[in-house]
Amino acid sequence: MIYISYFCARKTATPERFYSSMNIQEEISSAVQQAVAALYQQEIGDVILQPTNKEFEGTYTFVTFALTKTLRQAPAQIGQAIGNWLVDNTSVVQAFNVVQGFLNLSVADAAWREVLTDMATNPSFGTLPATGKSVMVEFSSPNTNKPLHLGHLRNNFLGDSVSRILAANGYDVIKTCIVNDRGVHICKSMLAYQRFGNGETPESSGMKGDHLIGKYYVLFDKAYKAEIETMVAQGTDKEVAEKTAPLMQTVQQMLRQWEQGDPEIIALWNKLNTWVYAGFDTTYRSIGVTFDKTYYESQTYLLGKEIIEEGLQKGVFYRKDDNSVWIDLTEEGLDQKLVLRSDGTSVYMTQDLGTTELKYSDFNCDRQIWVVGNEQDYHFNVLFAIMRRLERPYANELYHLSYGMVDLPTGKMKSREGTVVDADDLIQETTDAASAAADDAAKGKLDGFTEAEKTSLFEMLGLGALKYYLLKVDPQKRMQFNPAESVDLHGNTGPYIQYVYARIRSVVRKAAEMDVAIDGAIAATDLDDIEQQLIFLLSQFPQRVADAGQNLAPSYIAQYAYELAKTFNQFYDKLSILKETDAEKLNNRLILSNLVAETIRKAMGLLGIDVPEKM
RNA sequence: GGUCCCGUAGCUCAGUUGGAUAGAGCAUCUGCCUUCUAAGCAGACGGUCAAGCGUUCGAAUCGCUUCGGGGUCACCA
């Protein structure tokens, strides 16, 4: 033994005890406080317990280093004293060992059984009490000139999952989407369609509407570049050519016509947008994302001017000689920022000031969250700073959930270079991969499945793989998308976790066939280490939901679901459930397995991932 | 250049307010199905936590510096 000190103590008999709304961790924490008070006549603050390292015996560990100064004792001595006190004075702690400043605590089986009972009999386990507060989550926010791509998927999955997590944290959640349906970009598609479309429709081309419009957006770019090239060849300066190319001039003209309400242009705009929305709807349906309210920029882009006026009167903004309006945010460490153009028209910021106000007046949410890529960090810093300057009551409850870009193994995705990964294609590929994998992995398991059932299973697995792949990474971090890994079904993946659910469901079905009734009560049997571990992990779930809500981090839930699934697989391999001859143990294991399945279903549900009964 | 984010195993990533010998998955290699779903389990291999200095009982985590990668600094959105 390389450690300086190593003590052990064990109690032989543990009296049964009733714990109402059992929380072992809290119980031990406060017991440690009592121990210190009793042993040293000292008050200590919050006691933090950490999970015990796997190589040591115990479940919870209390670190005593920090107490050495106030208690004037060596860390191991303190651990030994507190450990003894806990074993003598509580029924939760049944044994302990001390390794230097680490007090490792083992929990009595009776306490574990009590916890398991509490969790298993609580249908809303993992759902936190209502806060009485509401939060708005804005995400997705597509442009109407091209289909959704991989980057949008990260955004959508994040926004959807965060909404679910907040709901589980007791918030009323309003999901919103702002469709960017106006501006130069859509005019480009419109113009290209007008020139080269020949009346093509989604029906005639067999293309999804959003893909069709995306095609014309690309066509515009090609034709535009060709014009520039010709002009440059004829001696025009490149920058001048970019601005004066006939196609660009026409697009600008079209935008003006749109703003003036030109009937012909509006009709074209409506027609193309209708196609795009139909395409988007299909994609949203396939990924299971919905919104409570959709805002259209065409209806909100004029908002915000009243706020500019208000800000001018309050002296928050100032007007320059050219009539443009600005705010000086150098005190906040930001810059001077334009909030209204010299010609009186809105910029992005003007609009966002207006829509923030609009969303607040529509729903009165206590908090607003924007799921937007981190390239807009600065924009949101400015937006929030302005709202604080304008003394909006909600100004401190605005949050930008900033997420990193998705890179391909080949580098950055660039729409102009055609290196974007299309969302619909990707979903199809993951579904195909799940189907292909089933050929050699599923063996006879899917024999009773109809073709439709198989298709729906493969969609569930493919989408599960994709969602999990994008959500398991910390949102803030830039991540790399590896196509081969994203469709993998093994290891730390969505389908691995889905598999555990299906596995448990299969066992439960078999139990029913064998007429093994699952008695709701937990019998007083000894628990294996792996069973204790499972119960411990299960008991962490509500806290994990809270942490994920606090940090708006679906990755916490993903990580948790994997940990739980992995631990269950170890349990499944080590101990038999249905072959267990002790009827009480069998019953306990079925209850435990059932709870694992339910918790996996809930955790995956928070990620927006469904789980199959069979796979 | 100002400012913000990032740098952990060959690759992709965990590492929750500072805690024990830094963990998973993939890849490579080796075992385990007449037994509840092997889409599984177990094991091996793999690290100067970008580098340096500092704070402390203790640093991947906090501070400073350097190097490297990226975002942003539009009368675009």
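These notebook entries record what I looked up in the predicted model of chain A.

**Conventions.** I worked on a predicted model, in which local features need pLDDT of at least 70 and side-chain atom pairs count only at pLDDT 80 or more, while totals for chains, interfaces and linings use all residues. Residues are numbered from 1 along each chain as its sequence is written, chains are lettered from A and ligands numbered from 1 in the order in which they are written, and side-chain values use heavy atoms, with hydrogens and water left out.

**Overall.** I began with chain A as a whole, which holds 22 helices and 15 strands; these are DSSP runs numbered from the N terminus, helices being H or I of at least four residues and strands E of at least two. The C-alpha atoms fill a box of roughly 95 × 65 × 45 Å along the principal axes. Of the 615 residues, 51% are buried; buried means under 20% relative accessible area, exposed over 50%, and partly exposed in between, with a 1.4 Å probe and protein chains only. Among the contacts with a separation of 6 or more, 75% come from residues 24 or more positions apart, a contact being heavy atoms within 4.5 Å.

**The parallel sheet.** I then traced an open sheet of 5 strands in the order β8-β7-β6-β12-β13, with parallel pairing; two strands pair if DSSP finds at least two bridges between them. At its edges I found β8 (293–296) and β13 (398–403), each of which pairs on one side only. Neighbouring strands of this sheet are turned by 25° against each other on average, direction ignored; axes are lines fitted to C-alpha atoms, for helices over the stretch in contact, and angles run from 0 to 180 degrees between N-to-C directions. Between β6 (residues 134–138) and β7 (residues 172–179) I noted 5 bridges, and serine 134 has aspartate 172 in β7 as its bridge partner.

Which helix packs on this sheet? I identified α14 (residues 348–363), which touches β6, β7, β8, β12 (367–373) and β13, and whose direction makes about 150° with that of β8. Helix α15 (residues 377–389) lies across β12 and β13, and runs at about 175° to β13.

**Antiparallel pairings.** I found an open sheet of 3 strands in the order β9-β10-β11, paired antiparallel. Its edges are β9 (318–319) and β11 (336–340), each with a single partner strand, so one side of each has no neighbour in the sheet. β9 is joined to β10 (residues 325–328) by 2 bridges, and tyrosine 318 stands opposite tryptophan 326 in β10.

Elsewhere, 3 bridges join β2 (residues 49–51) to β3 (residues 60–63) in the antiparallel sense. β3 also pairs antiparallel with β5 (residues 102–107), over 4 bridges. Threonine 61 is the bridge partner of glutamine 50, and asparagine 104 in β5 is the bridge partner of threonine 61.

**Rings.** I counted 22 aromatic pairs; rings of Phe, Tyr and Trp (its six-membered ring) pair if their centres lie within 6.5 Å, and planes under 30 degrees apart count as stacked, over 60 as edge-to-face and the rest as tilted. Tyrosine 193 and tyrosine 216 form an edge-to-face pair, at 5.3 Å centre to centre and 85° between the planes. Tyrosine 193 lies in α6 (residues 184–196) and tyrosine 216 in α8 (residues 209–233), so the pair ties together parts 23 residues apart in sequence. Both tyrosines are buried. I also noted one aromatic cluster formed by Phe139, Phe280, Tyr284 and Phe291.

Arginine 182 lies over the face of tyrosine 301, at 4.0 Å from the ring centre; the rule asks for NZ of Lys or CZ of Arg within 6 Å of the ring centre and within 35 degrees of the ring normal. Lysine 293 lies over the face of tyrosine 295, at 5.1 Å from the ring centre.

**Cysteines.** I found 0 disulfides, a disulfide being a pair of cysteine sulfur atoms within 2.5 Å. Cysteine 177 is buried at 2% relative accessibility, and cysteine 365 is buried at 4%.

**Positive phi.** Most residues other than glycine have a negative phi. I noted asparagine 323, with a positive phi of about 85°, in the loop between β9 and β10. Asparagine 323 is partly exposed, at 38% relative accessible area. Leucine 552 has a positive phi near 50° and is found in the loop between α20 (529–551) and α21 (554–574). Leucine 552 is buried, at 4% relative accessibility.
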